Amino acid sequence: MNRKHFLSSLFTAGATVPELASAAAWSDPTRKRKATPPPRIPEYLVAGDTIGITCPAGFITLKEIQPAIQQIEGWGFKIKVGDTVGKRDFSFGGTDAERAADLQRMMDDPSLKAILCARGGYGAVRIIDRLDLSGLSNYPKWVIGFSDITVLLCHLHRNLNMASIHSKMCNSFPDDWSKAEPIQAQSILSIRQALMGEKMRYDIPPNEKNRAGSAEGPLVGGNLKTIETLAGTSSDIDTAGKILFVEDTGEYLYSIDRMWWHLQRTGKLSSLNGLIIGGFKAKADDPGDEFGRTLVDIVQERVKPYGYPVCFDFPVGHQKNNFALKVGVPHRLEIIGDKATLIDIPAGNQPE
């Protein structure tokens, strides 16, 4: 990755991109496309607003989230630490009942403007059906996280059409900010920029495997394995007319291939406007049982019937360059020659 180029162009407020062709230009003109309602975008934050921190999945201690608290308070925000921080039920941040209750209190709390999940791991799916979304609907706020928190982001998009933020969490903040790598620091600072409504622009390093084209649509996605497990549930996302981004880690290539078949067979690939491939850390094949295909091979094979733009190696996922993305918010994806750009489109209360 050309980090200098990427970092210098990532957050150019008010940056312009060439006018895009219709996102459906690649498709059959007789194809019917479902109208996408505008997203519900929570208010962007200003100095003095309060962010809650909770553990809907794995456990973490109060000491371990101190670097995140100090950094966020340095941005001018207040912090309200949830009851589940410091609690532990084996790998979970408290029992299912405790984690659901803590998240519910924060969703219902009108004084909070955002909810930052302390870490991922596993556990959100165990509590998702216990939650009453009416409080969040009455008091919209940004829910922030990734990995296992994909469950919450997808659930909010499906049931409330509410925007959220896919980004690093408390366990990714460095203990010593002065020693953080530039790409790690920029990734974390992107959370603040997303929360405050700054225009987000990502200029992606060239990749010869990209497929050229342009598209517009709400950005949806997250952890691929989690998206697969949500299929057929009340948290399943509708990808029609959307730009889908996916990432994953710790899976064998054959398992990744199975996930992509699942995306195709459930119709999630056929109706897309655009596709973004983030970081994928695959397990090494077992000796003598090699799968024989790369991630690029797998993706290209599954999207071959369709003509939308495809971007590889986007800086999102279980890695240091995991930049904040506004889920549910309309974006433009443009791939021309060796240039790939993703930019959010002003909507709701987002400043130009």
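Biologist: Which residues in α9 meet which residues in α10?

Modeller: The model is predicted, and in it Leu-253, Ile-256, Asp-257, Trp-260, Trp-261 and Gln-264 of α9 meet Leu-295, Ile-298, Val-299, Glu-301 and Arg-302 of α10. By class, this contact has 7 nonpolar, 1 polar and 3 charged residues.

Biologist: How is the geometry of such a helix pair to be read?

Modeller: Two packed helices are described by the angle between their axes and the distance between the axes. Here helix α9 (residues 253–265) and helix α10 (residues 295–303) have axes that come within 10 Å and cross at roughly 15°. Angles under 35 degrees count as roughly parallel, so α9 is roughly parallel to α10. The crossing of α9 and α10 is right-handed.

Biologist: Turning to charged pairs, how many salt bridges does the structure hold?

Modeller: A salt bridge is assigned when a side-chain nitrogen of Lys or Arg lies within 4 Å of a carboxyl oxygen of Asp or Glu. The structure holds 17 salt bridges. One of them joins Asp-109 to Lys-80, with the closest N and O atoms 2.9 Å apart.

Biologist: Where do Asp-109 and Lys-80 lie?

Modeller: Asp-109 is in the loop between α3 (96–108) and β3 (112–117), and Lys-80 is in strand β2 (residues 78–81), so the pair ties together parts that are 29 residues apart in sequence.

Biologist: Is Asp-109 buried or exposed?

Modeller: Asp-109 has a relative accessible area of 14% and is therefore buried, the cut-off for that class being under 20%.

Biologist: What distance separates the closest N and O atoms of Lys-320 and Glu-181?

Modeller: Those atoms are 2.4 Å apart, and Lys-320 forms a salt bridge with Glu-181. This pair links distant parts of the chain, 139 residues apart: Lys-320 belongs to the loop between β10 (310–311) and β11 (325–327), and Glu-181 to the loop between β5 (164–166) and α7 (182–195). Lys-320 is partly exposed, with a relative accessible area of 42%, and Glu-181 is also partly exposed, at 29%.

Biologist: Which residue meets Arg-192 in a salt bridge?

Modeller: The partner of Arg-192 is Glu-198, at 3.8 Å from N to O. Arg-192 has a relative accessible area of 22% and is partly exposed; Glu-198, at 29%, is partly exposed as well.

Biologist: Which residues are linked in a network of salt bridges?

Modeller: Glu-43, Asp-49 and Lys-113 are linked in such a network.

Technical notes:
Residues numbered from 1 in each chain as written. Predicted model: local features only at pLDDT ≥ 70, side-chain atom pairs only at ≥ 80, totals over all residues. Heavy atoms only, no water. Helix = DSSP H or I, 4+ residues; strand = E, 2+ residues; numbered from the N terminus. Buried < 20%, exposed > 50% of the residue type's maximum accessible area, 1.4 Å probe, protein only. Axes fitted to C-alpha atoms, helices over the stretch in contact; angles between N-to-C directions. Parallel < 35°, antiparallel > 145°, perpendicular 65-115°, else oblique. Left-handed = near helix turned anticlockwise from the far one by under 90°. Contact = heavy atoms within 4.5 Å. Nonpolar A, V, L, I, M, F, W, Y, C, P; charged D, E, K, R; others polar.
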